[in-house]
Amino acid sequence: MNEENQPPSTAKFAKKKVFRKKESREISIDHMVQGIKKGDRMALSRGITLVESQAKRHRDLANNLVHELLPNAGNSLRIGVTGVPGAGKSTWIESFGKKLVDLGNRVAILAIDPSSTLSGGSILGDKTRMEQLSHHPNVFIRPSATAGTLGGVHRMTRETIVLCEAAGFDRIIVETVGVGQSEVVVRGMVDFFMLLALTGGGDELQGMKKGIMELVDAVIVNKADGNNKEHAIRGAAEYKQLLHYVHPATPGWETKAFACSAIEGFGMDDVYQMTQQFYDETLENGVLKERRAGQSLDWMKQMIHNRLLDDFLQENNRSKKLKDLQLQVKSGDITPAQAVEMLFLKE
C-alpha cells in the first residue's frame with residue numbers, strides 16, 4: 001500500500017507515465033484509471049499514494065488521475081467518525097464495518113492515524129487495528145498520517161474519497177484523530193458526521209467543545225455492554241434531551257442519539273438504519289446534492305491555500321529558511337513576527 005510512485009518530471013509525460021521505483025518499470029495513468037475502476041486494490045493504493053505525495057513533480061499526475069475518475073465518483077454515503085478519548089473508535093468502526101458488508105455494502109475506511117511528532121510518520125497502521133475487517137474482500141482500509149494537518153485528517157483526504165468511490169466502494173468511513181482539533185474540516189468533506197461518546201452524557205458534554213454538538217448528525221454512546229448497558233442507555237437518553245437545544249447540523253434532520261455496543265452488537269442495527277434513513281431523505285430532498293456542491297467549493301479553496309503555501313515555500317529555498325527561523329523562534333533569538341518578516345524578504 002505504501003509504494004512510492006515517482007513519475008518523470010517532464011511535463012509532456014504528466015498524463016501518460018508513472019514510474020514505479022521498486023519494480024523499475026513504467027505504467028500509464030490510463031492503466032491506473034482502468035485498474036481503479038475495476039476495483040483493483042493495488043491500483044487504488046498506488047493512486048492514493050500518488051495523490052498524497054507532496055512532491056511538486058507529482059501534482060499534474062495526481063490532478064489528471066482525479067479528473068479522470070471524478071465522473072465515476074459520488075455514489076456513496078460518506079461518514080465521518082470522531083470521538084472522545086477512550087470511546088473505542090477503531091473497535092466501533094470495525095463492528096460497524098462488518099454490519100455494512102454483511103448487508104451487501106463495499107466499505108472503504110480511511111483511518112487517519114496520529115503523526116509522530118518526530119518523524120511525521122504514521123504511528124499506527126491498518127495491520128495493528130481492525131484485523132478481522134482488513135481481510136474482508138469488500139473492505140479497503142487505508143491508514144494515513146495527519147502530518148499535523150488541521151482537523152486530524154490528511155490534506156488529500158477528499159481526493160482519496162474520490163478514488164475509493166471510483167473503485168466501487170459505496171460506504172466511505174473517515175476516522176479522525178478525535179475531539180480536540182477542528183472537526184469543521186471533517187464536517188466539510190463528509191455527508192453524515194457522528195460523535196462516539198461514553199456514558200455520563202450531561203457531565204461529559206460540559207467538558208467538550210461546545211461547537212462539536214452543532215456539527216454532528218448523531219451521538220453514539222458506545223460500550224453499552226455488560227454492567228454498563230443500562231448506564232449507556234440512560235446516557236443516550238440524556239444526550240437526546242440535550243440535543244433538543246442544539247441547532248441541527250443538517251437542514252431537515254433531527255440529530256439522533258443511540259446507545260450501542262461494538263463488542264456485543266447491541267444497537268448496531270439502529271445505527272445502520274439511521275444512516276440509511278439519512279442518506280435516503282437527504283438524497284430525496286436535495287440536501288445531499290447541495291451539501292456536496294458546497295463542499296466542492298470548499299475543496300477548491302483548500303487547494304488554492306495548499307498550492308500557494310507549497311509554491312511559496314519552494315521558491316528561493318524558503319523551506320530550509322523556515323526550519324532555520326523556527327529554531328531561532330524556539331530558542332528565543334527572534335520573535336514570531338520577526339521570523340515571518342524575514343521569511344517574506346525578497347533576496
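Predicted model: local features only at pLDDT ≥ 70, side-chain atom pairs only at ≥ 80, totals over all residues.
**Exercise 1. Work out how an aromatic pair is arranged.**

Start with the count: there are 6 aromatic pairs, where rings of Phe, Tyr and Trp (its six-membered ring) pair if their centres lie within 6.5 Å, and planes under 30 degrees apart are stacked, over 60 edge-to-face and the rest tilted.

*Solution.* 
- Step 1: the ring centres of phenylalanine 192 and phenylalanine 278 are 4.9 Å apart.
- Step 2: their planes stand at 75 degrees, so the pair is edge-to-face.
- Step 3: Phenylalanine 192 belongs to strand 7 (residues 192-197) and phenylalanine 278 to helix 10 (residues 268-285), so to speak distant parts of the chain, 86 residues apart. Helices (H or I, at least four residues) and strands (E, at least two) are DSSP runs, numbered from the N terminus.
- Step 4: look at the cover. Phenylalanine 192 is buried at 0% relative accessibility, and phenylalanine 278 is buried at 1%. Buried means under 20% relative accessible area, exposed over 50%, and partly exposed in between (1.4 Å probe, protein chains only).

Residues are numbered from 1 along each chain as its sequence is written, and side-chain values use heavy atoms, with hydrogens and water left out.

**Exercise 2. Find out what surrounds cysteine 164.**

Is cysteine 164 buried or exposed, and which residues does cysteine 164 touch?

*Solution.* 
- Step 1: cysteine 164 has 0% relative accessibility, so it counts as buried.
- Step 2: setting aside residues up to four places away in sequence, cysteine 164 touches Leu44, Ile48, Ala108, Leu110, Phe140, Phe169 and Ile172. Contact means heavy atoms within 4.5 Å.
- Step 3: zoom out to the largest nonpolar core, which has 47 residues, with Cys164 and Phe169 among those with the most contacts inside it. A nonpolar core is a set of buried Ala, Val, Leu, Ile, Met, Phe, Trp, Tyr and Cys residues joined through side-chain atoms within 4.5 Å.
- Step 4: apart from that core lies another, of 33 residues, including Ile93, Ile220, Tyr272 and Phe278.

**Exercise 3. Check the span of helix 11, then walk past its end.**

How far apart are the end C-alpha atoms of helix 11 (residues 287-314), and what comes just after helix 11?

*Solution.* 
- Step 1: the expected span is 1.5 Å times one less than the number of residues. For the 28 residues of helix 11 that gives 40 Å, and the end C-alpha atoms are 40 Å apart, which agrees.
- Step 2: just after helix 11, asparagine 316 has a positive phi of about 55 degrees.
- Step 3: asparagine 317, in the loop between helix 11 and helix 12, has a positive phi of about 60 degrees although it is not a glycine.
- Step 4: arginine 318 is part of helix 12 (residues 318-331). Arginine 318 is buried, with a relative accessible area of 7%. Neighbours within four places in sequence aside, arginine 318 contacts Phe312, Leu313 and Leu343.
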